Amino acid sequence: AAAKQAEERGWQLYLVGGAVRDLFLSDLAAATTDEGDDRFEEGANLFMADIDLVVDGFHRAADHAAGVELARALQQQYPSVRLQIHGRFQTSALTWHNDPTLNSLWIDIATARTEFYPYPAANPEVEASSIRQDLYRRDFTINAMAIRLTAPRSGEVLDFFGGLLDLQEQHVRVLHANSFIEDPTRIYRAVRFAVRLGFEIDPQTEGYIRHAIASGVYHRIQTEMAKFPALQTRLKQELRYILEAPYWTRAIQRLSDLGAICCIHSDLQLTDRLWWQLRLVDRWLRQFDTDHQVEHWLTLLEVLLAELEKSDRVKVAENLQLPADSIDRLQNLDEMQQYLQSHLPKCDRPSQLYQALIPYDLPTLVLLAVLVPRSIRRQIWQYLTRLAPVKPLLNGNDLKALGYKPGRQFKPMLEALLAVTLDGEVRDRTEAEQFIRD
Ligand code: ATP
């Protein structure tokens with residue numbers, strides 16, 4: 001339908017970016033599985049629902065981009081579609097929520113990012129050069145291919161930079177030497193695609209990454225982050241993609257090998273201790289966050305930031321626009337750590353430990369657990385495994401059934417009961433009822 005709308009206006013429409021990459025990956029997987037070669041399977045299985053379209057068209061009113069016009073036309077055709085138009089470049093996102101066959105499909109429609117032409121784009125040279133320019137602005141050759149969707153040459157593959165060959169050879173390759181200087185978050189993207197797809201970063205590209213880092217590009221991220229919100233959003237997004245992926249350990253290791261961890265902050269290094277902290281937090285979260293209440297990626301990022309001096313860690317967290325509770329946690333980390341270190345050794349009874357730790361939520365406890373000495377960590381572990389899951393043996397209704405009048409005294413009665421339950425002095429309902437009567 002989008003292609004038809006574009007054709008009616010004399011425009012060209014292309015499928016671009018990740019969807020094209022994933023289509024070719026699934027082709028490669030299908031072609032190689034018969035030969036017992038499963039190299040492409042991982043990438044092919046990752047076909048995403050996001051579809052990026054680029055429209056290349058002449059538009060009359062300067063403030064009315066072709067992509068937006070096309071998206072509006074599609075919305076009229078399919079009224080259940082939700083349309084959002086963002087930002088300066090007037091890209092539009094269409095989401096299908098109601099169509100069961102399309103299962104919340106996202107379609108981004110952008111206008112080819114080039115100068116606006118004073119004459120119709122029906123001229124094939126202009127078309128070719130504008131889609132080519134649009135693709136040239138992209139990150140890697142494997143993400144810079146397009147498939148034309150409009151007649152008469154629909155189905156034509158546009159691969160100006162050797163993306164298909166790089167897919168076959170499993171290489172992540174940038175399009176030009178300055179790519180990482182222009183946008184340092186591409187370093188994180190290179191690692192993400194390499195690890196996720198099981199590809200190599202092409203040696204020359206790796207050289208560009210190392211050169212960008214050696215030239216202090218990370219310094220630019222840190223100093224310019226406050227001025228360029230788009231850079232913050234991109235860095236945070238990339239960190240999130242990496243830290244929530246199943247392959248995050250390999251990606252972090254690779255970023256560290258490239259010296260790219262310092263893009264978060266120049267003092268940050270993946271020491272053995274930091275590495276151990278990250279893995280421990282990951283294990284504990286997987287064990288204790290059974291109802292998936294915690295954003296694991298965010299807690300892992302907090303572990304990284306906890307390495308920094310207080311003022312730096314808060315500044316980076318603010319620049320990255322982390323949620324307020326993350327920033328608070330990083331702000332109060334030293335005080336909380338000192339409190340636990342001085343207070344927990346005095347907790348002789350389980351109920352005292354429970355009282356001391358109940359105010360902290362799970363992300364705070366796991367973060368503190370990797371910062372405190374071993375004996376304190378053991379107490380946090382004891383709390384999480386044995387004390388936090390303890391259910392009260394009686395509730396308010398049980399107290400009423402025992403003949404007590406509901407009122408303010410219920411709370412301290414139940415708290416006292418929980419304390420003796422935690423301390424093992426009361427083990428079942430009968431003993432609990434006896435305790436209440438006593
Ligand atoms: P995924 O499958 O992870 O969504 P994707 O390739 O679709 O992969 P997106 O982050 O959605 O990744 O980006 C869509 C496309 O936009 C990419 O394929 C790439 O062509 C381009 N792109 C995204 N980020 C950048 C960047 N920082 N620099 C240049 N091009 C980018």
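Arg329 sits in helix α16, where helices are DSSP runs of H or I with at least four residues, strands are E runs of at least two, and both are numbered from the N terminus. Leaving out neighbours within four places in sequence, Arg329 is in contact with Glu302, Met336, Asp361, Pro363, Thr364 and Leu367; contact here means heavy atoms within 4.5 Å. With a relative accessible area of 7%, Arg329 is buried (buried is under 20%, exposed is over 50%, and partly exposed lies in between, using a 1.4 Å probe and protein chains only). All of this comes from a predicted model, in which local features need pLDDT of at least 70 and side-chain atom pairs count only at pLDDT 80 or more, while totals for chains, interfaces and linings use all residues. Residues are numbered from 1 along each chain as its sequence is written, and side-chain values use heavy atoms, with hydrogens and water left out.

Now for the helix pairs around α18. Two packed helices are described by the angle between their axes and the distance between the axes. Axes are lines fitted to C-alpha atoms, for helices over the stretch in contact, and angles run from 0 to 180 degrees between N-to-C directions. The axes of α16 and α18 come within 10 Å and cross at roughly 65 degrees. On the α16 side, the contact is made by Arg329, Leu333, Met336, Gln337 and Leu340, and on the α18 side by Pro363, Thr364, Leu367 and Leu368. Sorted by type, the residues of this contact are six nonpolar, two polar and one charged (Ala, Val, Leu, Ile, Met, Phe, Trp, Tyr, Cys and Pro count as nonpolar, Asp, Glu, Lys and Arg as charged, and the others, Gly among them, as polar).

Helix α14 (residues 296-306) also meets α18 (residues 362-369), with axes that come within 10 Å and cross at roughly 40 degrees. That angle is why α14 and α18 are oblique to each other; under 35 degrees counts as roughly parallel, over 145 as roughly antiparallel, 65 to 115 as roughly perpendicular and the rest as oblique. Thr299, Glu302, Val303 and Ala306 in α14 touch Pro363, Val366 and Leu367 in α18. This set splits into five nonpolar, one polar and one charged.

What about helix α19 (residues 374-387)? Its axis and that of α18 come within 9 Å and cross at roughly 150 degrees, so α18 is roughly antiparallel to α19. Here α18 brings Leu362, Leu365, Leu368 and Ala369, and α19 brings Arg377, Ile380, Tyr383 and Leu384. Seven of these residues are nonpolar, none is polar and one is charged.

Two other residues are worth a look. Cys347 lies in the loop between α16 (324-343) and α17 (350-357), and Cys347 is buried, with a relative accessible area of 11%. Not counting residues up to four places away in sequence, Cys347 touches Gln352, Leu353, Ala356 and Gln379. Cys347 and Gln379 are 32 residues apart along the chain, and their C-alpha atoms are separated by 9.4 Å. Ser311, in helix α15 (residues 310-319), is exposed, with a relative accessible area of 54%. The C-alpha atoms of Ser311 and Gln331, 20 residues apart along the chain, are separated by 8.0 Å.

Zooming out, the chain has 22 helices and nine strands. Buried residues make up 48% of its 438 residues. Among contacts with a separation of 6 or more, 66% are between residues 24 or more positions apart.
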